[in-house]
Structures are given as structure tokens and as C-alpha cells.
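Please look through the sequence and the model shown below.

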Amino acid sequence: FQAEDGIRDVERSRGLGDVYKRQDIVRAKIIKALGQQRQLVIDAPVEYWKILSKALESPNESISSELVNSLALLESEVYFRRLLETLKNDSPSKTTINNIVKVFCKFSESPTGGRILSTETIGIRVQALQILSDSEQIKSLVEALNRELSSSFSSPAEVAQWWENNKNRSIDQILDEARRKAREKIELLSREKEKFRKENVKLKIEYYELLLKTDKNKAIAEFLKELGNPDVQPEILEYAIKKLGLLKVKDAVEPILGHLKSEQVLVRVAVIETLGEIGDKTIVTKVKPSCSADEARERLAAVNTIAKLNTEESSRFLVEALKTEKTPAVRSAIIRGLGHVGDPTAISHLAEIIAAKQPDGLSLRETVNNDTLKEVANALGSVLTSGSKPEPADRELAIECLLLMLEAKNDAVRAAAIDNLGKAGAVKATERLIDILKN
């Protein structure tokens with residue numbers, strides 16, 4: 001050793017003793033290298049500890065940093081016990097205490113792949129907390145245990161009490177409980193967050209309702225602004241879209257169409273229904289893909305809007321949807337829609353729903369329910385009275401179907417058939433109607 005060895009600056013410097021002071025840097029590199037040879041240092045704890053115990057006293061940041069990382073990566077209970085013994089018996093300096101606590105804290109952040117957590121290591125850190133009862137480092141160690149165990153300890157006393165209750169359990173049991181508590185906490189926070197979000201939505205809607213009564217133009221401007229807001233709540237966006245529809249704001253069509261592919265089904269439904277309210281017939285082809293959407297309520301909105309807009313393409317789109325639709329409520333809407341559109345080409349498709357061809361003519365399908373029969377009767381009557389002249393064969397088919405429904409067992413179905421035969425001026429039905437009246 002030389003006299004210069006006694007020059008122990010915390011910061012690196014140049015000048016007298018520079019070569020000797022650089023031995024701290026070399027020591028840091030050695031510690032780092034040893035930390036990467038886990039099996040080697042675990043097999044030779046005495047020799048490795050000689051290096052580490054000296055490093056614990058070093059205020060040099062590069063050494064303490066490598067020491068902390070190296071020990072935390074080792075995750076060895078042997079070294080944790082040695083650190084604990086240092087706290088207990090060696091009257092450690094503040095620098096040593098700081099470095100030991102850093103190791104304990106760093107352990108909870110070590111790479112998942114190499115991490116070994118056990119009741120032993122938890123117990124060692126609980127003992128460390130009890131020893132450090134007057135240390136300013138307590139908070140860091142408690143926070144580390146909180147992270148690791150998904151807990152909410154606020155003091156060493158709470159940690160000690162928890163350990164007294166759990167020290168005889170396996171680490172799997174402890175972690176299972178920690179995960180359960182973490183899930184419960186997340187669920188509680190989610191519920192609170194959702195409650196707050198809904199309150200915020202409610203207040204905003206109340207504000208907009210008041211604004212509509214006092215300044216309609218400003219309200220429309222606010223609604224259009226919401227359509228361009230990327231962070232808007234789905235319920236607020238739905239509300240703004242519907243209000244623009246009720247106010248029939250033509251300038252809103254393009255911005256509203258921009259949300260037709262929204263991830264939120266309630267927004268997509270609002271877009272489709274609102275486009276029907278505004279009455280822009282040019283958008284029928286853009287709404288048509290929604291007739292095959294996954295969500296039934298979106299398909300329902302689409303067929304209603306297509307029927308409401310009543311363009312030359314409406315009947316064809318509704319017939320195509322009818323061929324694949326399985327949901328009763330949507331099928332009913334399509335049938336009503338075909339009646340509303342009044343296109344005579346739909347007669348054969350409506351007839352096919354309720355009637356089957358037999359060698360001696362048509363017969364009612366036994367699988368068709370009464371509600372569907374009634375809806376088809378009303379739709380056929382609407383088509384026959386729409387003002388569009390059907391081909392003679394189509395008109396004959398529609399009247400034949402209505403006559404078939406006179407044989408139905410349900411009074412409402414028969415009443416619908418009679419009513420629509422009368423509206424259509426079906427002279428062919430006169431004698432049959434008189435017979436019914438007699439009986």
C-alpha cells in the first residue's frame with residue numbers, strides 16, 4: 001500500500017492517487033461480474049461475502065449500485081441472512097444500512113424469470129424492518145413488501161402483525177391471498193371509477209339539456225365538437241348524435257358517418273338510427289353492411305333505417321337481409337319494412353315466409369307463428385295498397401296468401417287477413433268473407 005491509498009474521495013478525481021482511487025471502479029466491475037455468475041458465488045459464499053461486506057461500506061455510487069443489483073439478482077437467502085446479521089451485530093454505518101435496505105427493496109423488482117420468493121425471504125425482510133425501526137429507510141422497505149404482496153402496510157408494526165398471522169403458511173398460499181386482494185382492490189377501483197364516470201356523463205347531459213332550451217345553435221356547435229373529440233365518452237357521443245338527428249342537422253351527416261365503424265355498438269346504433277331521422281337517402285348503401293353485423297340491435301337499426309329512407313335499393317337490401325336473418329325481432333322488422341317500402345317485387349318473398357307450394361296449390365307452413373302470420377298479412381296489404389301496381393301474378397299470389405290466413409286458428413291473424421283483403425279491394429274474397437260472416 002502507498003500513502004495515496006488513504007485518499008478516499010467520494011467523487012473520482014485526477015491528480016495525486018488517481019491510479020489508486022480507481023480501484024473502486026475495478027471493485028464495482030468485479031462485483032458486477034460475480035453477480036452474473038450466480039452458481040459460482042452461491043457455492044463460495046465465504047469468499048464472495050468478503051468482497052460484498054467491504055462494498056457495503058462504500059459510499060461510491062457505482063459500487064453500491066452494482067452491489068444492490070448483484071445481491072438482488074442472486075436472490076439467495078444465505079446472503080439475505082448475512083445482511084440481517086450485519087444489521088443486528090455489526091453496528092453498521094448509515095451508508096451500510098442504506099445499501100442493505102436498497103438490496104431488500106431491489107429484490108421485489110428483480111427479473112421475474114429468475115426470481116425466487118419464499119416465506120424465508122419474507123421473514124428475513126420482516127426481521128430487518130424490526131431492526132430498522134428508527135431508520136429513515138423503513139418506508140422504502142415497507143413499500144417494497146407492499147408491491148410484492150399486493151398489500152397496503154403503512155408501518156413495520158402492521159407488517160410484523162401480518163407476518164405473525166402468516167409465517168406458518170406456504171408461499172403459494174400467501175401469494176394466492178395477495179392476488180385475490182389485488183383483484184378485489186382493482187375491482188373496487190374499477191367500480192368507483194365507473195361510478196364517477198357515469199356521474200360525469202349524467203352532469204354533462206344535464207348541461208346539454210339546459211343549453212338546448214337556452215341556446216339551440218350553441219348546443220348544436222357543442223354536439224358537432226363532441227363528434228370530433230377523440231376522448232369523448234361513448235354515452236355522450238351517442239347522446240350528441242341522437243340530438244343532431246332529432247334536430248335534423250344536415251351538416252352533421254358526414255361527421256356522424258365517421259362513427260359508423262365505432263368500437264362501441266351503442267354508438268354505431270345511434271349513427272344508423274340518426275341517419276334515418278335526418279332523412280338523407282344517399283347513405284342507404286353505407287348503412288347496408290350493418291344488416292349483417294354481429295350485434296342483433298345493430299342489424300335491427302340498419303333494416304329500420306333502410307326501410308324508413310325508402311329508396312329504390314331499400315327493397316332489394318331488405319330481401320337480401322331476410323334470406324340470412326335468424327333473429328325473430330329483426331325478421332319482423334324486415335317484414336314490416338318491406339310493407340312500408342311497398343315494392344311489389346317483395347310479394348313473392350313475403351309469400352314464401354308463410355306458404356308452401358303443394359300439388360293442389362298453396363298451404364300455410366305449420367312452423368310459422370301467429371305474430372309472423374299477422375305481420376306478413378299487414379305487409380302484403382301495405383304493398384297492395386301502396387300505389388305501385390304489382391304484376392297480375394304477384395297480386396294474385398298476395399290475395400291467395402291472405403285467403404289462406406282466413407283458415408288460421410288465431411283470431412288476430414284472421415282479423416288481419418280480412419282487414420287487408422278489404423283494403424286491397426280483393427273481389428275474389430267476397431264470397432269467402434260472406435261465408436265467414438254467416439258462421
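How many residues lie between β1 and β2 in the hairpin that they form? There are 2 residues between these strands. This is a predicted model, in which local features need pLDDT of at least 70 and side-chain atom pairs count only at pLDDT 80 or more, while totals for chains, interfaces and linings use all residues. Residues are numbered from 1 along each chain as its sequence is written, and side-chain values use heavy atoms, with hydrogens and water left out.

Strand β1 covers residues 355-358 and strand β2 covers residues 361-364; they pair in the antiparallel sense over 4 bridges. Strands pair if DSSP finds at least two bridges between them. Helices (H or I, at least four residues) and strands (E, at least two) are DSSP runs, numbered from the N terminus. Within this pairing, Ala 356 has Ser 363 of β2 as its bridge partner.

The aromatic rings come next. A pair of aromatic rings is described by the distance of the centres and the angle of the planes. Rings of Phe, Tyr and Trp (its six-membered ring) pair if their centres lie within 6.5 Å; planes under 30 degrees apart count as stacked, over 60 as edge-to-face and the rest as tilted. By this rule there are 6 aromatic pairs. One of them joins Tyr 207 and Tyr 208, with 5.3 Å centre to centre and 45 degrees between the planes, a tilted pair. Tyr 207 is partly exposed, because its relative accessible area is 39%, whereas Tyr 208 has 1% and so counts as buried. Buried means under 20% relative accessible area, exposed over 50%, and partly exposed in between (1.4 Å probe, protein chains only).

Tyr 208 also pairs with Phe 223: the ring centres are 5.1 Å apart and the planes stand at 70 degrees, so this pair is edge-to-face. The two residues are 15 residues apart and link distant parts of the chain, with Tyr 208 in helix α11 (residues 171-214) and Phe 223 in helix α12 (residues 216-227). Both Tyr 208 and Phe 223 are buried. Together with Tyr 207 and Tyr 239, they form one aromatic cluster.

Helix α17 (residues 296-309) holds Arg 299, which counts as buried because its relative accessibility is 11%. Leaving aside residues up to four places away in sequence, Arg 299 touches several residues (heavy atoms within 4.5 Å), among them Cys 291, Asp 294 and Glu 325.

Cys 291 is itself buried, because its relative accessibility is 9%. Cys 401, at 0%, is therefore buried as well. The structure holds 0 disulfides, a disulfide being a pair of cysteine sulfur atoms within 2.5 Å.
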